[in-house]
Amino acid sequence: PPAVVSVPSVESIIPDADAPASSYLELHSDITQIVKTDLDHVCLLTRKVSDSLVHVAFRVCPGNDDLRAPLYLAYQCGSALREFGGNGKSQSEIETWFNAHNGFIHWQSTGFVFHVAPEAYDEAFALACGVYHAPEFTEQQFHVFRDNTVNALRQHQTDPVAQLRNWQSLQWDNLPNGHWAKKQSLQDKIDALLAWDYPSALDEMRRLSARGLVDIAICGDITIEQAENAYTNYAEPVADTEHQRPFVPAISTSGAVIPAYKVEMGDQPRAKVCGSLPLALHEDDPLGTPLTLAMVAFGGTSTARLVDRIREKEGLAYTVQAHIGWHPQAARGMVHMASTCAGETSDTTLALMQEEWARFTETGITEDELESARLHLRQYHEKVLGDDQQYMQHLIKGMLSPQDFEWRALQMAREDTCALADVNEAIRTALHGKEVQWALGRKADALATP
């Protein structure tokens, strides 16, 4: 039977006796039970903050056996194909049932998330698992989906922003060739889809859904027995797999490089400007927390300097932002900047983004900007922790990585105590002088006049 693991005490989480106990730790005390088996994880939270519903996140980690290698398309397309229904239930029947019980379900590549009224929890879990393990779609539905997906990818090939995002995913990816979740170029995706047939799609979808390792997070007013029953009754194996967590290889810096350029985007109503910079760093690196704070100060809030310059002072863009993302399991980060603007202002917007980036990486940020970034991150964490659905989804993400409860508490303490000198040194070390990949796309008739 699953073992009940106690939640770490606040004292065991705080790294330094002098470090401030953040609001995270105060809310953290409401977590009541974490149920774990040797390889599977089931986390139950009985606290309620934002509503009276039960929120569930269910994810199968397919494992490492050789049969998993050809399942790339099933992994990429699984959530869309599963929306047709399964286990004798159509999509409309599933939606009607959830609507009748104050619920909602969202299919993902290797699982699902849903919320529902507490009295309907058991039936909802059985229905969701049934569809997940036995997806059903007709040959006509498959071909319409495949053709639409191929057409969308071909449009992306003419869009420099979509190409840049694809390049980002290739840079971010750290999986070996042949892995079921390995990222592919746009053309490789098209070629694979065109070669995919209906019988293969059905077979691979069902093999992807086969029992690997289960992660379940449940937030709501249900009992430990209900959580265990759902796990044992509906998450049982439907096929054999190796019970191992996926191997995560070391970082590779290989990847297609897209230079700065402009491409006509057809009938797109607005221009898009993007910039990206991959980093061979993990969030736990000494530079990780300072860089997170730096990027929030640069473009992560409504008052950040990039937003203030381009949108507020110059009035050039509808939206503008900048942030840094971190891979939870590998030494991989990604700086990303993006703006949506009118075609006639796109050249100026790109030039100002590049200008502000150069100034930011040369001079760093101020103490006031650092304090604003700290406040923003604290408010973000409190918002997540104050919403049952968001918190539950953050929780299940952490169960597949070292970023568990203790890690999050440590990260909050690091953000609260990071010094300005450390932030500016991180900017100089990791960002200054590095080559950013820029992309701009806009309508042909909106090109700026020289």
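This is a short chat about a predicted model and a few of its residues.

Q: Hi! Which residues touch the most other members of the largest nonpolar core?
A: That core has 44 residues, and the ones touching the most other members are L291, M295, V335, M337, W357, F360 and L431.

Q: Nice. And which helix gives the most to this core?
A: Helix 11, covering residues 288-299, gives the most, with 7 residues.

Q: Let's zoom in on W357. What is W357 in contact with, leaving aside neighbours within four places in sequence?
A: W357 is in contact with L277, M295, F298, V335, M337, L431 and V436.

Q: How many residues are in the other core, the one lying apart from it?
A: That one has 26 residues, including V56, I105, V116 and V214.

Q: New topic: F114. Where is F114 found?
A: F114 sits in strand 8, which runs over residues 111-116.

Q: Is F114 buried or exposed?
A: F114 counts as buried because its relative accessibility is 2%, and the cut-off for buried is under 20%.

Q: So what does F114 touch, not counting residues up to four places away in sequence?
A: F114 touches V54, H55, V56, F98, F104, I105, A124, F125 and A128. Between F114 and F98 there are 8.9 Å in space, C-alpha to C-alpha, and they are 16 residues apart in sequence.

Q: Last one, N229. Where does N229 lie?
A: N229 lies in helix 10, residues 224-234. With a relative accessible area of 41%, N229 is partly exposed.

Q: And how many residues apart in sequence are N229 and D122?
A: They are 107 residues apart in sequence, while in space N229 and D122 are 8.7 Å apart, C-alpha to C-alpha.

How values were computed. Residues are numbered from 1 along each chain as its sequence is written. This is a predicted model: local features need pLDDT of at least 70, side-chain atom pairs count only at pLDDT 80 or more; totals for chains, interfaces and linings use all residues. Side-chain values use heavy atoms; hydrogens and water are left out. A nonpolar core is a set of buried Ala, Val, Leu, Ile, Met, Phe, Trp, Tyr and Cys residues joined through side-chain atoms within 4.5 Å. Buried means under 20% relative accessible area, exposed over 50%, partly exposed in between (1.4 Å probe, protein chains only). Helices (H or I, at least four residues) and strands (E, at least two) are DSSP runs, numbered from the N terminus. Contact means heavy atoms within 4.5 Å.
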